[in-house]
4 protein chains.
Amino acid sequence: MPTEVVTLRGHIIDSMSLPRVLDEIVDFGATYQVIELSLGKKHDDESIARLEITTDDKVDLDRLLDRLQQHGANAGSVEDAAIAEADVAGAFPPGFYSSTNLETEVRVHGKWLTVDRPEMDCGIVVSGDGARTIPMGEVEKGMSIVMAGLGVRVIPLTSPTDAAGRKAFEFMSSDVSSEKPKALLVDQVAGMMREVKEAGKRILWVAGPAVVHTGAGPDVCALIRAGYVDAFFAGNGVAAHDIESNMFGTSLGVHLDRGSAAEHGHEHHIRAINEVRRCGSFEAAIDAGVITGGIVRHLVDHGADYVFGGSVRDDGPLPDVVTDMLEVQKQVRALIWGKGDDDLIGFCIVVGTMLHGIATGNCLPASVPLVCVDINQATVTKLMDRGSWQSTGIITDVGLFIRGLAERLGPNEVRRASEEADVRRAGSQTRT
Amino acid sequence: MPTEVVTLRGHIIDSMSLPRVLDEIVDFGATYQVIELSLGKKHDDESIARLEITTDDKVDLDRLLDRLQQHGANAGSVEDAAIAEADVAGAFPPGFYSSTNLETEVRVHGKWLTVDRPEMDCGIVVSGDGARTIPMGEVEKGMSIVMAGLGVRVIPLTSPTDAAGRKAFEFMSSDVSSEKPKALLVDQVAGMMREVKEAGKRILWVAGPAVVHTGAGPDVCALIRAGYVDAFFAGNGVAAHDIESNMFGTSLGVHLDRGSAAEHGHEHHIRAINEVRRCGSFEAAIDAGVITGGIVRHLVDHGADYVFGGSVRDDGPLPDVVTDMLEVQKQVRALIWGKGDDDLIGFCIVVGTMLHGIATGNCLPASVPLVCVDINQATVTKLMDRGSWQSTGIITDVGLFIRGLAERLGPNEVRRASEEADVRRAGSQTRT
Amino acid sequence: MPTEVVTLRGHIIDSMSLPRVLDEIVDFGATYQVIELSLGKKHDDESIARLEITTDDKVDLDRLLDRLQQHGANAGSVEDAAIAEADVAGAFPPGFYSSTNLETEVRVHGKWLTVDRPEMDCGIVVSGDGARTIPMGEVEKGMSIVMAGLGVRVIPLTSPTDAAGRKAFEFMSSDVSSEKPKALLVDQVAGMMREVKEAGKRILWVAGPAVVHTGAGPDVCALIRAGYVDAFFAGNGVAAHDIESNMFGTSLGVHLDRGSAAEHGHEHHIRAINEVRRCGSFEAAIDAGVITGGIVRHLVDHGADYVFGGSVRDDGPLPDVVTDMLEVQKQVRALIWGKGDDDLIGFCIVVGTMLHGIATGNCLPASVPLVCVDINQATVTKLMDRGSWQSTGIITDVGLFIRGLAERLGPNEVRRASEEADVRRAGSQTRT
Amino acid sequence: MPTEVVTLRGHIIDSMSLPRVLDEIVDFGATYQVIELSLGKKHDDESIARLEITTDDKVDLDRLLDRLQQHGANAGSVEDAAIAEADVAGAFPPGFYSSTNLETEVRVHGKWLTVDRPEMDCGIVVSGDGARTIPMGEVEKGMSIVMAGLGVRVIPLTSPTDAAGRKAFEFMSSDVSSEKPKALLVDQVAGMMREVKEAGKRILWVAGPAVVHTGAGPDVCALIRAGYVDAFFAGNGVAAHDIESNMFGTSLGVHLDRGSAAEHGHEHHIRAINEVRRCGSFEAAIDAGVITGGIVRHLVDHGADYVFGGSVRDDGPLPDVVTDMLEVQKQVRALIWGKGDDDLIGFCIVVGTMLHGIATGNCLPASVPLVCVDINQATVTKLMDRGSWQSTGIITDVGLFIRGLAERLGPNEVRRASEEADVRRAGSQTRT
């Protein structure tokens with residue numbers, strides 16, 4: 001009967017990969033022997049499991065090996081990856097290898113090539129000495145596409161300590177619940193951000209309009225000034241309400257310094273959008289003195305990278321909003337991977353958005369820690385379904401959470417924002 | 001002191017417009033006399049209120065009249081609308097009139113013109129003898145844009161009986177709560193759909209992927225066959241999972257007839273998208289035998305109008321998905337207003353989607369009844385913030401709700417779907 | 001045809017009582033004339049409406065007057081209240097007047113008596129020169145119970161400024177939404193608490209276990225020390241987890257200073273309960289050095305009034321927990337009304353609990369401002385269904401919200417708590 | 001160095017007990033060898049793991065063995081359980097063994113005794129030849145209480161097929177999500193109920209007021225008539241609104257057959273409670289013709305066991321409601337364990353209640369399958385935190401779900417209910 005030895009390495013208990021592999025085998029109806037099981041004596045030690053698997057026939061064995069490979073259990077016998085030529089543009093050949101967001105290698109001419117830019121639900125294209133993921137829509141006729149089979153292997157995540165110090169990550173991989181010590185979670189995320197910056201890595205923020213509505217706009221500005229926002233991805237609504245708050249002191253028509261509705265307030269965002277469109281771009285509106293502060297202004301002034309992606313519900317949209325979805329995805333990938341060879345972001349925080357959060361998660365390699373913050377459990381749960389232990393959900397108030405981060409990471413900047421608000425308030429009272 | 005009489009007509013108590021007007025006046029610090037207050041003796045009778053308003057100076061009076069007009073309280077003194085020429089393309093002149101979704105009239109050369117296609121957050125363009133709303137992005141240089149002021153008036157909604165029989169609407173305008181008699185709500189929505197169809201009007205469905213995940217795909221198909229789906233707006237996900245369920249019997253990798261996860265199931269949707277992309281279009285995929293059933297197939301076969309709008313989180317997307325957001329909005333307006341002069345949809349149902357629901361609500365005139373169904377209270381509340389009493393939120397399970405609609409509106413079609421499922425299940429068991 | 005004039009006074013637009021009254025009349029099929037409608041020129045002015053109502057027969061008129069009276073529209077013709085003798089203990093005579101939580105008067109021997117302790121869903125008992133509400137279960141045979149009819153009248157709430165300065169209440173009566181400026185809401189609730197204390201009134205806290213789980217226990221202690229907790233109502237769980245956190249540093253087994261699960265942590269609460277039961281009471285456990293800090297300890301040390309009420313889900317329960325529900329309700333009423341004649345609490349804050357929040361709301365007169373804070377919109381909505389504008393819902397993180405209150409109201413106390421935590425943490429690290 | 005072999009048996013992969021054990025050991029800093037690892041070849045086969053564990057000293061080893069035992073990993077070396085005499089009534093001696101809800105054995109005089117009535121968070125008392133769990137509050141001075149240590153062992157759950165056929169349980173152990181095929185879940189729960197009844201076991205329902213508010217009262221009655229409700233646990237609210245719906249056709253004042261609010265409807269429940277209190281008991285109210293139908297009437301008429309437990313928020317309460325919490329818990333245990341020796345319920349369904357659901361879960365042995373149904377994800381998640389794979393959460397609409405169960409399990413009974421409703425509606429229309 002056909003037999004094969006698979007090897008599983010890394011953080012295989014914590015990451016649940018060993019149990020999943022055993023479960024798959026049993027589920028499949030195959031039999032197996034444990035040849036080696038050496039687990040690390042400490043949490044961060046690497047563990048190894050080697051299992052000999054037997055099935056009734058060779059076809060079954062290949063099918064099973066393909067399944068196990070998804071969990072990082074790689075077969076001992078090796079063969080080159082099957083390669084097929086793309087026969088149409090914009091689609092893969094049937095039977096293509098569908099990628100995960102884990103580190104992946106593909107065997108070509110007897111050598112294992114590391115696949116560049118691991119990302120879920122893509123294909124892999126081989127060209128020259130290299131291999132990289134490619135989204136379906138970018139396939140060109142004639143490209144060499146990797147097919148599913150033994151010539152691909154996946155490397156399970158190793159210990160989280162690789163990315164940053166253990167302590168900062170202690171709260172990760174825990175259950176999502178609103179009943180956690182909250183000030184502590186703020187401390188831990190702040191600590192993680194500090195370490196990521198100290199390691200010279202970039203931080204990507206993905207934000208929804210709740211950031212502005214909950215009054216956290218000035219806190220995001222404080223964090224930009226303090227250097228904790230390198231890249232920023234959001235939709236038209238975030239920019240529109242941010243600019244509204246700068247022009248009118250309101251968000252969705254609600255006075256941010258009083259909490260009450262403004263006269264004609266529901267028109268504010270549309271008038272704000274109109275004014276910026278009249279200028280033609282964020283930069284032009286800043287130059288014209290139309291945008292005098294707020295998140296957008298800070299992003300531009302501090303040279304942060306940003307993408308504002310459109311959606312079907314947008315008013316306007318604002319001039320810098322990208323309305324074609326494929327172009328948005330391209331630009332998000334650029335935010336993630338940066339400009340140089342080793343410029344991958346070190347940390348991603350998603351606040352108050354499901355749509356843009358999932359969009360980012362889709363493109364993110366599993367090695368980047370991801371924290372999702374939302375007041376709605378369903379949103380956090382959906383985002384967490386990516387399932388890697390490097391992602392964490394925090395159910396809390398976005399406004400108070402960001403305020404807490406700003407107080408910890410940029411206390412001087414927060415003080416400055418608060419003084420400016422007092423001045424603004426005084427001004428607005430003389431106006432009203 | 002400057003004085004003006006405003007008149008308020010229609011369903012002014014139920015719709016809260018009178019209380020809101022009084023509140024605005026008091027808030028503003030103006031004084032007033034009730035000159036006439038005649039309320040209908042029955043719920044459906046028209047009511048009239050006439051108030052004489054006095055302020056300290058003329059500027060204040062104009063500002064207040066402008067505010068009151070938003071609630072349908074129109075000033076007695078009339079003047080022509082101020083018109084400004086659009087000085088740049090893609091934006092309004094400052095001070096433009098920002099439209100509501102209520103029936104609106106604009107006074108030009110002493111005559112009140114009815115504004116075509118009332119829609120929120122647009123401007124109004126006058127050309128020839130007509131006036132119509134125009135989205136900011138479609139403004140061309142030189143167009144005649146209506147400015148805010150007394151030359152515009154808004155007609156409050158009259159009784160809901162105008163649209164369809166009172167009974168069907170009885171449940172409307174009630175609070176959003178998950179603790180309502182649910183089978184009754186299904187009855188009432190089914191009754192409303194029946195009346196709308198009997199009145200020769202079209203029904204627009206706006207759907208999220210939960211429709212497929214909760215197993216309601218075959219029920220939507222039954223409703224298409226029974227003639228209750230004239231227009232359909234959704235995202236890439238709905239089509240992708242619908243086609244996945246047709247090809248693999250799964251949705252997001254979960255067997256719809258067993259509830260358990262399929263082998264390699266998480267790849268199913270991407271493989272489904274790939275196959276359809278290889279064909280080039282839904283129609284081509286149907287002709288090629290790649291799509292043999294499901295919602296997409298039904299929409300094509302029954303000649304329903306449909307729009308699938310892209311989003312930043314899409315995989316693929318499928319070939320018929322529109323990836324430019326401005327184009328999607330144009331097509332949604334076409335779904336709503338139809339092909340002829342009097343082809344406006346008679347009813348809109350939003351199921352399991354916030355994004356596409358809000359997008360639709362943005363374009364919908366207030367006269368079209370709207371029902372939003374979602375299991376998440378936050379989603380329903382956000383959608384309901386449009387605030388007109390013609391919209392209703394129902395917090396319930398999308399899957400069981402649509403099943404209930406299908407059983408009431410197309411019992412024979414449901415039976416047929418169930419028999420087909422048995423056959424399919426039998427077939428899939430012999431395969432597995 | 002029978003006719004009657006009803007008068008409506010107070011804050012009748014904002015509180016929606018006028019629109020509701022008009023709606024009831026129209027609904028009922030009666031006709032009416034507006035005899036007088038004088039609305040305040042400013043928000044805080046009293047308004048008056050007088051309506052002449054006509055129905056087909058006298059029975060209908062009485063029924064309608066009874067309905068209108070619930071909204072504070074009192075009839076001009078007066079008659080003594082009908083009184084019936086309680087014929088069984090523990091229940092009212094059929095046709096009894098069911099009370100609201102608004103100020104109420106009952107006419108006996110030609111004089112209007114103010115009903116003591118207004119509370120919802122009770123009856124009214126008359127004895128000697130007085131009248132007071134009485135819960136169904138406390139009725140004794142032979143008591144004089146007030147029947148529904150014209151002899152009872154309800155006084156609508158007057159302006160909120162009566163209770164405390166307008167500013168503090170500005171955020172009230174607004175919609176419940178998670179998308180509000182949050183730091184501002186913290187400011188406003190803190191401001192309100194400060195004013196209530198300055199006015200010499202007491203503050204009642206009603207709390208759920210999330211207060212402890214989210215790490216806000218030390219902040220509640222800081223607020224007790226700062227004098228902002230006069231009365232406290234909670235369940236067994238709050239006390240159990242508070243004592244657990246004092247004994248073990250965990251809440252539900254999770255280390256509050258690290259966020260990770262403790263060894264055998266799920267047993268901590270049961271062991272904490274056991275230890276206190278071994279002592280016999282909170283005070284004995286404090287004397288024995290078993291409870292050295294935390295909320296319970298602070299309540300006892302600072303002489304706050306407290307009630308811990310049992311529920312069917314309790315472990316233990318702790319010795320001071322009242323397990324009979326009727327006794328709990330009696331004690332909650334005592335917390336609310338205090339010890340003297342004019343000792344009614346001035347403010348009630350409900351944090352992280354639906355069960356105890358509703359229990360309190362049931363007993364609370366409408367004149368007491370109530371703020372409910374929870375992360376779950378459904379909880380807040382249910383609590384807000386009491387419907388008076390003096391109650392406000394805030395959807396936010398309980399832990400971060402209370403932290404914010406403590407920082408604003410007792411900064412020195414917060415600093416002290418934080419220093420103590422550092423010492424404790426240092427100690428626990430040497431132990432572990 | 002001290003060494004011990006622990007054995008783990010049963011469903012050790014699926015139930016996650018092996019990974020948890022390995023994780024605990026590594027966490028603890030101990031070392032180990034896998035001596036035997038034989039996993040079942042099919043899902044339902046028993047698996048065995050034997051691990052040799054080594055720690056630095058004996059105290060650590062005992063501590064670790066105690067931890068592992070909680071996951072069902074029992075030490076090879078055996079010793080009698082330590083027994084301590086209860087020194088005070090109503091509390092355990094410090095160091096007592098805190099029980100789980102899994103099958104448990106305790107070693108006394110060299111023999112392993114099975115602990116009767118496994119239940120979480122209790123102690124174990126030994127008397128004569130037997131051992132049983134005992135709640136803290138029932139401890140009497142002098143009882144022999146089992147202490148934590150090696151003399152106790154826990155038997156992990158074996159395959160779910162032991163309880164009923166595999167198929168019915170297929171959907172269990174899956175993630176909680178609102179996006180599941182819903183009609184299928186109804187089918188599966190109905191199938192499970194049918195099997196449980198065929199096996200001669202009892203079904204326990206735990207219900208919240210949403211059952212009545214959502215209009216599912218008649219469906220619960222149909223299920224009682226069809227024989228699917230043997231025991232019933234709820235609060236005062238369920239009975240009050242059920243009787244209200246019987247007396248007035250409303251639930252919380254909302255007409256169940258129209259969905260609109262009734263005149264004076266908010267008083268209905270208090271008047272219903274008053275009428276039943278005037279009778280003195282449910283049975284007396286039935287005899288007096290006060291309760292002519294509904295859930296309470298059905299429970300009494302069909303001889304079902306029921307407990308209505310009070311809470312701090314109750315109006316009234318109704319005469320049969322138990323107001324002392326310790327007495328309620330006693331009665332719930334009696335519902336669970338039944339009257340004879342082998343009368344343990346075979347299935348428990350919790351619908352629309354967190355409070356009573358958790359109360360029941362606290363007393364339930366892990367061997368009883370538990371399904372929780374609620375529209376609110378937070379409720380389901382909290383209930384599921386019991387964590388055994390025999391419990392399943394379903395996020396759906398309680399009203400439509402129960403309607404679906406009734407249609408599948410008692411179609412004739414549903415038809416009868418619907419005909420009765422038509423008659424009632426006709427009658428109520430002639431009345432109005």
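These entries record what I looked up in a predicted model.

**Entry 1. Conventions**

I worked with a predicted model, in which local features need pLDDT of at least 70 and side-chain atom pairs count only at pLDDT 80 or more, while totals for chains, interfaces and linings use all residues. Residues are numbered from 1 along each chain as its sequence is written, chains are lettered from A and ligands numbered from 1 in the order in which they are written, and side-chain values use heavy atoms, with hydrogens and water left out.

**Entry 2. Chain A against chain B**

I looked up the contact (heavy atoms within 4.5 Å) and found 52 residues from chain A and 52 residues from chain B. The buried area (accessible area, 1.4 Å probe, lost on putting two parts together, summed over both) is about 4600 Å², with 52% from carbon and sulfur atoms. Arg278(A), Val312(A) and Arg313(A) give 16% of what chain A buries against chain B, more than any other three residues.

I then noted 2 salt bridges (Lys or Arg side-chain nitrogen within 4 Å of an Asp or Glu carboxyl oxygen) across this interface. In one of them, Arg278(A) meets Asp87(B), with the closest N and O atoms 2.5 Å apart. Polar contacts (N or O atoms within 3.5 Å; within protein, one able to donate a hydrogen and the other to accept it, residues adjacent in sequence counting only if both atoms are side-chain atoms) link 20 residue pairs, both at pLDDT 80 or more.

Among the elements giving two or more residues to this side of chain A are α2 (58–69) and α7 (268–279); helices are DSSP runs of H or I, at least four residues, and strands runs of E, at least two, numbered from the N terminus. With 8 residues, α7(A) gives the most.

**Entry 3. Chain D against chain C**

I recorded 52 residues of chain D in contact with 52 residues of chain C. The buried area here is about 4600 Å², and I noted 2 salt bridges. Arg278(C) pairs with Asp87(D) in a salt bridge, the closest N and O atoms being 2.5 Å apart.

**Entry 4. Strand β6 of chain B**

I found 5 of the 6 residues of β6(B) (103–108) buried, that is, under 20% relative accessible area (1.4 Å probe, protein chains only). I checked its pairing (at least two DSSP bridges between strands): β6(B) runs antiparallel to β11(B) (152–155), with 4 bridges, and Thr104(B) stands opposite Val154(B). With β7(B) (111–116), β6(B) is also antiparallel, joined by 4 bridges, and Glu105(B) stands opposite Thr114(B). β6(B) and β7(B) form a hairpin with 2 residues between them, where His109(B) has a positive phi of about 50 degrees.

Terms used. Buried means under 20% relative accessible area, exposed over 50%, partly exposed in between (1.4 Å probe, protein chains only).
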